Amino acid sequence: MARSPGPNRESPDRTRRGRTGPGGEGEREGGQGGRGRGRNANPNEANREREDNEYVDKLVHINRVAKVVKGGRRFAFAALVVVGDAKGRVGYGTGKAREVPEAIRKATEQAKRNLIKVPLREGRTLHHDVFGHFGAGRVILRSAPPGTGIIAGGPMRAVFETMGVHDVVAKCMGTSNPHNMVKATFAALESLSAPKTIAAKRGLKVGDIIARRDGQAAAQNAA
C-alpha cells in the first residue's frame, strides 16, 4: 500500500512551481541580478559616448572599389572622413570595408587618432595666408575679415567646418581628387604658425608681430 506524503513534505510539482513561478526564488534572483548589472555599468561606454559628442565628423567622399578574384569581382567601399572638435583640432582618415557603415566607422576611428592642433586667430580665421601642396593638388588658404564666411570647395569646406573656422578664403588649383585636396589642405594647415611661436623664434614681443601684420594688411587694402 502506497504511503501518502507527510504534512511537512512538499510534492515535486509544488516545489517546481515555487522555484520558477511568479514571485519564486528564481525570479527574485534574476531581478536582483538585473538591478546589479544596471548599477555596475561599464564606465568606458559613457566615456566613449562623451567623446563622440565632443567631435564633429563629416563624410567627404565614398567610392566603390572592386577586387578581381577567381570567382569574379569582390566589391568594397572606401570612405574619406574628416573629424574635428570645432576648436582648432582636426584630422582625416580613410577606411575600407564590405559595407558602407563599417567603412565610415574605420575612417572615423583613424581620423580621431590623427588629430592635429591648428592655431586660430580670434577663434574664427587663420593667422596668415599659407600655401599647401600634395601630389597634384595645390591649395591656397587666406585669412578673411569677420563676416566673410567659408569660401572654399567641398572637401576643403568640410575641413574648415569641423575645425571651427568661420571666415576663410580658399582656392584649389590642379587636381579635383578629394583625397589630394584634403591632404594638401592639411599640409597647409600644418605649416601655420602662431604669433607667439614667431615671437619666440625672433626674440620679439607678440605685440610687435601682431602690429607688423596688421600694418601690412592695412597697406595691402589701401593699395
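The legends below describe close-up views of one predicted model. Residues are numbered from 1 along each chain as its sequence is written, and side-chain values use heavy atoms, with hydrogens and water left out. Because the model is predicted, local features need pLDDT of at least 70 and side-chain atom pairs count only at pLDDT 80 or more, while totals for chains, interfaces and linings use all residues.

**View 1. The chain as a whole has 8 helices and 8 strands.** Helices (H or I, at least four residues) and strands (E, at least two) are DSSP runs, numbered from the N terminus. Of the 223 residues of the chain, 30% count as buried. Buried means under 20% relative accessible area, exposed means over 50%, and partly exposed lies in between (1.4 Å probe, protein chains only). The accessible surface of the chain comes to about 14,700 Å², and carbon and sulfur atoms hold 49% of that surface. Accessible areas come from the Shrake-Rupley method with a 1.4 Å probe; for residues, only the protein chains shown count as cover. Contact means heavy atoms within 4.5 Å. Among contacts between residues at least 6 apart in sequence, 53% join residues at least 24 apart.

**View 2. A salt bridge joins Lys 58 and Glu 161.** The N to O distance of this pair is 3.4 Å. Lys 58 belongs to strand 1 and Glu 161 to helix 5 (residues 154-163), so distant parts of the chain, 103 residues apart, are linked by the pair. Relative accessible area is 30% for Lys 58, which is partly exposed, and 33% for Glu 161, also partly exposed. Together with Arg 157, Lys 58 and Glu 161 form a network of salt bridges. A salt bridge is a side-chain nitrogen of Lys or Arg within 4 Å of a carboxyl oxygen of Asp or Glu. The structure holds 6 of them.

**View 3. Arg 105 and Glu 102 pair within helix 4.** Their closest N and O atoms are 2.5 Å apart in a salt bridge. Arg 105 is partly exposed at 41% relative accessibility, and Glu 102 is partly exposed at 31%.

**View 4. Asp 129 and Arg 142 meet in a salt bridge.** The N to O distance is 3.2 Å. Asp 129 lies in the loop between strand 4 (116-117) and strand 5 (130-134) and Arg 142 in strand 6 (residues 137-143), so the pair ties together parts 13 residues apart in sequence. With a relative accessible area of 39%, Asp 129 is partly exposed; Arg 142 is partly exposed at 43%.

**View 5. Four residues form a patch of positive charge on the surface.** The patch gathers Lys 67, Arg 74, Lys 96 and Arg 98. Patches are made of residues with over 30% relative accessible area and no salt bridge; like charges are joined within 9 Å, and nonpolar side chains (Val, Leu, Ile, Met, Phe, Trp, Tyr) within 5 Å. Lys and Arg count as positive and Asp and Glu as negative, whereas His and the chain ends are not counted. The place of a charge is taken as NZ of Lys, CZ of Arg, CG of Asp or CD of Glu. Lys 67 is found in strand 1 (residues 56-69) and is exposed, with a relative accessible area of 53%.

**View 6. Thr 108 is a buried residue of helix 4.** Helix 4 spans residues 100-113. The relative accessibility of Thr 108 is 11%. Leaving aside residues up to four places away in sequence, Thr 108 touches Val 81 and Val 83.

**View 7. Pro 119 sits in the loop between strand 4 and strand 5.** Pro 119 is partly exposed, with a relative accessible area of 23%. Residues up to four places away in sequence not being counted, Pro 119 touches His 127, Leu 192, Ser 193 and Ala 194. From Pro 119 to Leu 189 the C-alpha to C-alpha distance is 8.8 Å, and the two are 70 residues apart in sequence.

**View 8. Ala 86 and Glu 122 have positive phi values.** Ala 86, not a glycine, has a phi of about 60°. Ala 86 is in the loop between strand 2 (72-84) and strand 3 (89-97) and is partly exposed at 42% relative accessibility. Glu 122 has a phi near 60°. The loop between strand 4 and strand 5 holds Glu 122, which is exposed at 62% relative accessibility.
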